[in-house]
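Subject: A structure for you to look at

Hello,

Here is the structure I promised to pass on to you.

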Amino acid sequence: MADLKLLEDLIALAQTGSFVRAAELRHVTHPAFGRRIRALEAWAGTPLVDRQRLPVTLTSEGETLLKTATQVIEQMGLVRHRIRSSGAGGEAVLRIATGRSLARTLVADWIARLRHRAPRVLTEGTQVELSTAKTQDLVIRLEQGRVDMLCCYEHPVLSVPLSPTRYRYMTLTTDKLVPVSQMDARGQPRYSLRQGGAPVPMITYTGGLAMERIVGDRLEATPYALTPFMRSDSLDAAHGAVAKGVGVAWLPWSMVAADCRRGALAALGGRSEEIAFEVRLYRPRARLTDLAEAAWEATANRQA
C-alpha cells in the first residue's frame, strides 16, 4: 500500500497544478516532492502525471487514484478526529481553520457567542483550536480531516474547491469591500476616485491573500488612474496604511465602518465601486465530534 503522505502529495498536486506550489504546501523541497511523486508512480506501475502540460494535470490513471486517495485521506482524517476529539486533560476540542483577519473579527465573535450565549456550546471542559493560513492551505486541512470546520470568504472569482457531495456550508454573513481613503485636516478625503483625475496610490494584496483575487478582478475594469504603491499580505496592515494616508485600499465595510462614521476615513465612489462577498462556514457531510455537531447546530439555529 502506498504511504498516506504520498497520497496527500498527489492531492496537493492535483489542487495546485504545480510541483513548486504543491511542494510548498507539503513543506518539502521541489526536488524531494518530485521524488515522492515518482515513488507513487513506481508503486502504481504507471505515469500518474502529465508533466508536459501547464498547469500540471493528472493522467486518467492519476485521476482514478486521486478519487480513492481523497476518500482514504478523508476517512483517515475522520477516524483521527474521533480518536483525538479530546485534549490532553480530557477536554473536547473544536478545531476551526480560517484566515487571519476573520480570526480576529467574525470568528472571534462567533466563538464568544458559543461560549457565552445560550445554548452555551463551549462550556467548561471544552477547548478551541484555531489555525490560520491561506485559503488553499485551509481547504487541504479540512479535506485531510485536520479541522472540523473552515470559515472563509466566498466570491465568484474565489469559490472554494470543495465537493458539494462531501461538504456543506452555511453563510455566516455578507459584507462588501469599499475603497477608502484617509480624511485630511480639512475634513476632505486625501485621495479621490475620478475618471481622468490624478493618479492615486493603490494599496493592493499579495497573491496568497483571498482579497487579492477579489480586488484584482475589480481593478481590471476600473476607469481610474491607480498607481500600485504597496502590496500587503494582511488586511490589518492595509487598514493601517490607509489610516496613515499612504494610499487607497478596498477594505471590508465591517472593518472600516466605524472609522468612516467618526470621520477618520472616507468611503470613495458609489455602489458601483463596492464588491459584495460572503463569509461561509464549511464542514464535512459526515458526522463530526459531538462538540463540533453542537457548534454547527447552534450556529445554524441562530442563522435561521
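Below is what I found, going from the whole chain down to single residues.

First, some ground rules. This is a predicted model, in which local features need pLDDT of at least 70, side-chain atom pairs count only at pLDDT 80 or more, and totals for chains, interfaces and linings use all residues. Residues are numbered from 1 along each chain as its sequence is written, and side-chain values use heavy atoms, with hydrogens and water left out.

**The whole chain**

The protein chain has 11 helices and 11 strands. Both are DSSP runs numbered from the N terminus, with at least four residues (H or I) for a helix and at least two (E) for a strand. Along the principal axes, the C-alpha atoms fill a box of roughly 70 × 55 × 30 Å.

Of the 304 residues, 48% are buried. Buried means under 20% relative accessible area, exposed means over 50%, and partly exposed is in between (1.4 Å probe, protein chains only). The chain exposes about 15200 Å², and carbon and sulfur atoms supply 51% of that area; the areas come from the Shrake-Rupley method with a 1.4 Å probe, and for residues only the protein chains shown count as cover.

Contacts here mean heavy atoms within 4.5 Å. Among contacts with a separation of 6 or more, 72% are between residues 24 or more positions apart.

There are 40 positive and 31 negative side chains, and the centres of the two sets lie 3 Å apart. Lys and Arg count as positive, Asp and Glu as negative, while His and the chain ends are not counted. Each charge is placed at NZ of Lys, CZ of Arg, CG of Asp or CD of Glu.

**The cores**

In soluble globular proteins, nonpolar side chains tend to be buried together. A nonpolar core is a set of buried Ala, Val, Leu, Ile, Met, Phe, Trp, Tyr and Cys residues joined through side-chain atoms within 4.5 Å. Which residues have the most contacts inside the largest core? They are Leu-94, Tyr-153, Tyr-205, Met-211 and Leu-251, in a core of 55 residues. Apart from this core lies another, of 20 residues, among them Ala-22, Leu-48, Val-49 and Ala-69.

Leaving out residues up to four places away in sequence, Leu-94 touches residues including Leu-114, Leu-122, Val-128, Met-149 and Leu-291.

**Backbone details**

One joins Leu-54 and Pro-55, with omega about 0°, and Pro-55 lies in the loop between strand E1 (49-50) and strand E2 (57-58). Another joins Ala-118 and Pro-119, with omega about -10°; Pro-119 lies in the loop between helix H6 (106-116) and strand E4 (126-132).

His-27 is a residue other than glycine with a positive phi, near 60°. His-27 sits in the loop between helix H2 (19-25) and helix H3 (30-44) and counts as exposed, at 73% relative accessibility.

**Aromatic pairs**

A search of the whole structure finds three aromatic pairs. Rings of Phe, Tyr and Trp (its six-membered ring) pair if their centres lie within 6.5 Å; planes under 30 degrees apart count as stacked, over 60 as edge-to-face and the rest as tilted. Here are two of them.

The rings of Phe-19 and Phe-33 have centres 5.9 Å apart and planes at 80°, so this pair is edge-to-face. Phe-19 lies in helix H2 and Phe-33 in helix H3, so the pair ties together parts 14 residues apart in sequence. Both Phe-19 and Phe-33 are buried.

Tyr-169 and Tyr-282 form a tilted pair, 5.3 Å centre to centre with 45° between the planes. Because Tyr-169 lies in strand E6 (residues 167-182) and Tyr-282 in strand E11 (residues 275-284), the pair ties together parts 113 residues apart in sequence. Tyr-169 is partly exposed at 41% relative accessibility, whereas Tyr-282 is buried at 5%.

**One more residue in strand E6**

Arg-168 is also placed in strand E6. Is Arg-168 buried or partly exposed? Arg-168 has a relative accessible area of 30%, so it counts as partly exposed. Leaving aside neighbours within four places in sequence, Arg-168 is in contact with Leu-281, Tyr-282, Arg-283, Arg-285 and Trp-296.

Happy exploring!
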